[in-house]
Amino acid sequence: MYSLFKKEIKIFFGSLTGYLALLVFLLVAGLFLWVFPGNYNIPDNGYATLEGFFSLAPWLYLFLIPAITMRFIAEEKRSGTLEILLTRPLTDMKLIVAKFLAGLVLVTFSLIPALLWFLSVYLLGNPVGSIDTGATWGSFFGLYFLAAIYIAIGIFASSLTENQIISFILSMALSFVFYLGFDFIASSGVPYLLEQVFGWLSINNHYLSASRGVIDLRDAIYFGGMTFIFLWLTRAFLRKGKRSQKKFKINTLVILLVLTVVFIVSGNFLYRIDLTSDKRYSLSPVSAEMASELESPMEIELFLAGRLEPGLRKLQQEVLEKIAVLNAYSPANIRLKVTDPYAIGNTERREAFIAELMEKGIRATSFRQQTDQGVSTRLIFPGALIRYNGKEQAMNFLKYNPDFSHEANFNHSAETVEFELVYAFQKLMRSSRSTVSFLEGHGEADRYQVYDFAASLSEDFNINRIEVEGLATAPTETDILIVADPEEPFAERDKFYIDQFIMQGGKVIWLIDPVQVSLDSLSQGHTTMAFPRDLNLNDQLFRYGVRLNYNLLQDVDCARIRVNTAPPGNPPQFTLHPWYYSPLLVPADDHSLSRNLNRILTEFVSSVDTVSGNPDVTKDIILSTSPYARTVKAPSTVSLLNIDNPPARELFNESFLPVGVLLEGSFISVFRNRMLETLDIPYTQVIAESTPTKMVVIADGGMIVNPVDYSTNPPRVQELGQDRASGQVFGNREFLLNTVLYLNDDRGIMQLRTRTRQLRLLDKVRLREEKPFWQWINVLMPLILVGLWGILYNLLRRRRFSRS
């Protein structure tokens, strides 16, 4: 075996054809990766990754590996040396395996110069070394798996003929059929069973995970099994009459049956090694548990398709990978269908289809693309429709935060893919919906003022408005209680009913304004007063672990207000000025409730403090100011004159003042050990300590209120969180929705939002200044290395033979 192995290596390196094949492979790969614009171009994509190479390599190997293997057996047959080999004390499989190992070594040699590309991306990273080394080496393993099948197919094709050209064409055609041919058949609308079979036979479906650094046991078994099948079938064409031998036929049949059983059984076992540094392709236990509860088939129709920019391609890969893993854990099949709306040729049908998608809740995003005719604008649909048991759920994957770059937004979108999928599963599988109640009776925001938020909630929750008496008679009919901007004091009896609702496990969102500011007075003049508002809730919230402060916060990071700066008697001229009493609050990025959310638009907001004393309650700050804020104690004067004479910059020296707090645990009743006779409530009815529950306290009641124009009938409601001056929509709605989802989450699904992926980018400045240098290095240097090796090898070989 070793002699045959050495023979193939020497013949390859001693022939001009082998070097030409290697040089063409490296030249084409280098040009596509570093020069030609497109999906594979590393500098243009801007990410510190070699994913472009691992996507391109299977296509280049369709030519390189057949060029390596075409002579392995065909040349032996043509020259007559095969008969001599078969008379040696060497089994047929040893002969075949020796040539197979030689093919693997030659493929390895073709990859050694490619390590220069890895080094280049490593050095160009921002910071240096930001490339995911574990994922890269895992992808090389995947490429070896793919090369192994290609080599086995090439050896099999070489055994069918004496002509090397025919062997090359057969090998290339068979490899293409197994790489993408079966995939095309599977997506052509064949019955579902055939779709599964052809999809499984496709090399591409097994290579996708491996090319991203995930070694899946099922994929490894596929690559190993299919490689062995082709090597075994090669035996049938080594010796004349071998195929007609009864023993060979029986052995072949037994091997195929055994491998079929192994393939089927392995499909039910999931064992994956995620070599990525942040384990971004591993599934969390709660996701696996949710997928295992699917009782009937599910269909996911993905509309993120067509020509996509690098960030969207990464998002698409993340979606495909997560769906594949969820399908592995599911007892019922999760069928994926990828639909490109622009693939519909008829314009009217395409426009009707796009309008239907938008009506169902799929949000379109406009992107500019470079085409042969110039720059064109095209709608992209980064969403999907999930169908399960006759129900349909729309979901959108792309998240947008104007404070982040495009790359950061794409990265955050990829981080939340698992959460979006699993949460959609939960909504489709649930048998009932939770109820969210808005409290009334204390001057809370009316139904028009919370209409925008309530409408968003109504997609997933039952919504009603309730007074305290209704909460007392049927506390279990409300899952989450929202106290939205009350203006009147709470009676002790009302406080008791809310307290006992909490003691029974109820969740509450408190949106309280500790300080009252008259906006009417401010609009009619330049000055108004800010007074403390006593709602008689201080003792109750203090017992739960929070204290609301009677102050107003000013922040350098604030919204702007339009002010008429024209002199008296002149036409109005409005200009934008900072309004420090309208801070743009920052959601905490280290908590699943508030991670990766846009800033929150507020006005006349106060601070909160946490209170120790109950070790069974954990407290997390989920909303705070910027690093440049200050407090103004109430009572105080609020004046528009501050716009012309703003406070000194050095006064804004308080950082991250807390405004919103999440409390979780077992709360102690504020009415424990209190005399309740005056309330006509027997002590025996008091629950002194709650079951584990949650609540959120926010020192701003206006956060949930959308502007309303009461002059129309019905009143006209504006969008929640929209800045009147700039028109920008801030993250109020999404933050409050996440708050409700978190309080209602008893399975830990919201924790999926804490998954992080490191953003790995190239240094754009260095690329702009040094791009030609890196292009020349990465295109020419691999060719020079191969050329120098060829010259050195042949010189040493000639010298050795001349001595002998």
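K6 lies in helix α1. This is a predicted model in which local features need pLDDT of at least 70, side-chain atom pairs count only at pLDDT 80 or more, and totals for chains, interfaces and linings use all residues. Residues are numbered from 1 along each chain as its sequence is written, and side-chain values use heavy atoms, with hydrogens and water left out.

**View A. K6, K10, R797 and R800 form a positive surface patch.** Both α1 (2–13) and α26 (764–803) supply at least two residues of the patch. Helices are DSSP runs (H or I, at least four residues), numbered from the N terminus. Patch members have over 30% relative accessible area and no salt bridge, like charges being joined within 9 Å and nonpolar side chains (Val, Leu, Ile, Met, Phe, Trp, Tyr) within 5 Å. A salt bridge puts a side-chain nitrogen of Lys or Arg within 4 Å of a carboxyl oxygen of Asp or Glu. K6 is partly exposed, at 34% relative accessible area.

**View B. A nonpolar surface patch brings together W59, F176, V177 and F184.** Together they have about 350 Å² of accessible area (Shrake-Rupley method, 1.4 Å probe, only the protein chains shown counting as cover for residues). Helix α10 (residues 164–186) gives the most, with 3 residues. F176 lies in α10 and is partly exposed, at 33%.

**View C. Helix α19 is largely enclosed by the rest of the structure, because 11 of its 13 residues are buried.** Buried means under 20% relative accessible area, exposed over 50%, and partly exposed in between (1.4 Å probe, protein chains only). Among the buried residues are F419, L421, Y423 and F425. Spanning residues 417–429, α19 reaches 18 Å from its first C-alpha to its last, close to the 18 Å expected at 1.5 Å a residue; the expected span is 1.5 Å times one less than the number of residues.

Key:
Lys and Arg count as positive and Asp and Glu as negative; His and the chain ends are not counted. The place of a charge is taken as NZ of Lys, CZ of Arg, CG of Asp or CD of Glu.
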